[in-house]
Amino acid sequence: MKRISLSLVLLLLATACGGGGGGGSSTAGAASSSNWSSTCTANALNSDNVMVPCANVSFSTTENSSKGSYDASTYATNTYGVIPSATIPTQNITTSYGTDSSDDVLSLSITGDSDLPFVHLTDTSAATAWASGWTGTGTTINIIDDTNTTIANSRIATYTDNIFQMRDSSGNVGTYTVEGWLELDLDHGTIVSNIAGGDKRNVTDYNSYINLDSASITACVNSSNQSISTWRCPSSWIATSSSYNDPSVTIEIVQSPGVAKDATITRSNLDLSGYTDPSTTWQYLKGFFENSASYDVVNLSLGAGAASGVVWSDLVALKENFSLNTTPSGTYVVAAGNSAAPCTDSNFVNCNIVSGMMVLSSYLRNQVIVAGATKDVSGINTIATYSNQAGVMADRYLMAEGDSGFDDSSGDIEGTSFAAPRIAGAAAIVKSKFPNLSGADVASILLLTADKDINDDGTDDFTSVSSTYGRGELDLNSALSPVGNLRP
């Protein structure tokens, strides 16, 4: 399996930061109004100095009269990943008898569908929310991530029966049937951003490569030049992948939408490599938090692993240093990390110090959700083996599927990095339905409506909060329900 390591720069990317804007902050006309009730104590810190999720004892949920548009046929899964016809440029290649200007690949045409993922839509039940008009419209999400790091070269489509043409030294044309594939250079922030939000769209910002394997040349026919009735395919004509220059082409691909398809996405670039000390790390991040103050949702699929010897009490002792010069209004989602660490009071090694600082900061603590990852193992849902556990941050910990949907030569590209934007997109959807809610309200509702039946056997696996699973697993449908379902 391929996981993005916290120690690498866990989970980073994006593209240039843009201005803020709290597009979802104004309250539209009320379609309906009702209250969430909860037995939580308001604004209480637990024994680990972590805020219990309840911004208010009750949440006044004034429903937005403005809804997003949704047509099921437009968003059918077979409409994602479509690739318009494209032709690979002519080039010279080497055959077994040498190279000259006549040894040309005349064309290699590609059409069809790619394997661009939409798993994030399925496992969050996003389309169910869209069908009710809750699409994230009017909300803003800032993705704070690394825009410079390519994390994988992912094969997203395999092509068969494409046409590979060559001339012999006499100018005669032979046509080969080949297999090839399309690859993307993937950066972390683009994947994270596309999971969180943004509508279905045609994109051209992928570097695409056609690769030819010598074993893939399966046939030679004369159909492309019927005038040469005596054409025969010399068995010595074999093109190898080493002699075939993979042409870089830019093609258009239909991108599947993110969870909050109508949210406005902004990406802010940063690089946490080299930051391991809590105080200096906070000082670096401080400006990003302050510049994100007006966003409805902020996603940080990034972090820094706590060094050996660091314990939770070390961060608690520094919590007064985790201050800001502004008061953020949105919901902040941060990845838990990928070191399978327990994150307890006495064993905080390899846990994400960024998530720890955020849940301890008096400026952010009741607005923060720490994202752990789930995984389906042999048909049973559970916490992913790589995911850091809830530990001392259990009251702010919420899980979602960690599979990005992409893979590379090593296997699945997965991590808490990709659980976080699912939760961020869900937060934007809740905000789009109830625009009067604060970022802290939205965070509490998502945490308090979490599904505690982790293995999906029909019985809750714990009550209230778990040191492994935190508050449980994201349940977007319950979070959108204006009646009950809050679990203290």
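Which residue caps the N-terminal end of α5? In this predicted model, that residue is D277, whose side chain places an oxygen 3.1 Å from the backbone nitrogen of S279. The protein chain that holds this helix contains ten helices and 23 strands.

**Overall architecture**

- Of the 488 residues in the protein chain, 55% count as buried.
- Among contacts between residues at least 6 apart in sequence, 82% join residues at least 24 apart.

**Helix α5**

- Helix α5 comprises 14 residues, 278-291, and should span 20 Å because each residue is taken to contribute 1.5 Å. The end C-alpha atoms are 20 Å apart, in agreement with that expectation.
- At L285, α5 bends by about 35°.
- L285 is also one of the buried residues of α5, which include P278, T281, W282, K286, F288 and F289.
- The cover over the buried residues of α5 includes the strands β8 (140-145), β16 (264-269), β17 (297-300) and β18 (331-335). Helices α6 (312-317) and α7 (353-360) also contribute to this cover.

**Salt bridges**

- Side chains of opposite charge can pair when their charged atoms come close. A search of the whole structure finds six salt bridges.
- R422 and D123 meet through their side chains in a salt bridge, at 2.9 Å from N to O. The pair links distant parts of the chain, with R422 in helix α8 (residues 416-433) and D123 in helix α2 (residues 119-124), 299 residues apart.
- R422 counts as buried because its relative accessibility is 0%, whereas D123, with a relative accessible area of 36%, is partly exposed.
- R471 forms a salt bridge with D395, and the closest N and O atoms are 2.3 Å apart. This pair also joins distant parts of the chain, 76 residues apart: R471 lies in the loop between α9 (439-448) and α10 (476-479), and D395 in the loop between β20 (380-383) and β21 (397-401).
- Both R471 and D395 are buried.
- K261 forms a salt bridge with D262, with 3.3 Å between the closest N and O atoms. K261 counts as buried at 2% relative accessibility, while D262 counts as partly exposed at 23%.
- A network of salt bridges links K375, D412 and E414.

Technical notes:
Residues numbered from 1 in each chain as written. Predicted model: local features only at pLDDT ≥ 70, side-chain atom pairs only at ≥ 80, totals over all residues. Heavy atoms only, no water. Helix = DSSP H or I, 4+ residues; strand = E, 2+ residues; numbered from the N terminus. Expected span 1.5 Å × (residues − 1). Bend = angle between axes of the 7 residues up to and from the residue. Buried < 20%, exposed > 50% of the residue type's maximum accessible area, 1.4 Å probe, protein only. Contact = heavy atoms within 4.5 Å. Polar contact = N/O pair within 3.5 Å; in protein donor to acceptor, adjacent residues only side chain to side chain. Salt bridge = Lys/Arg side-chain N within 4 Å of Asp/Glu carboxyl O.
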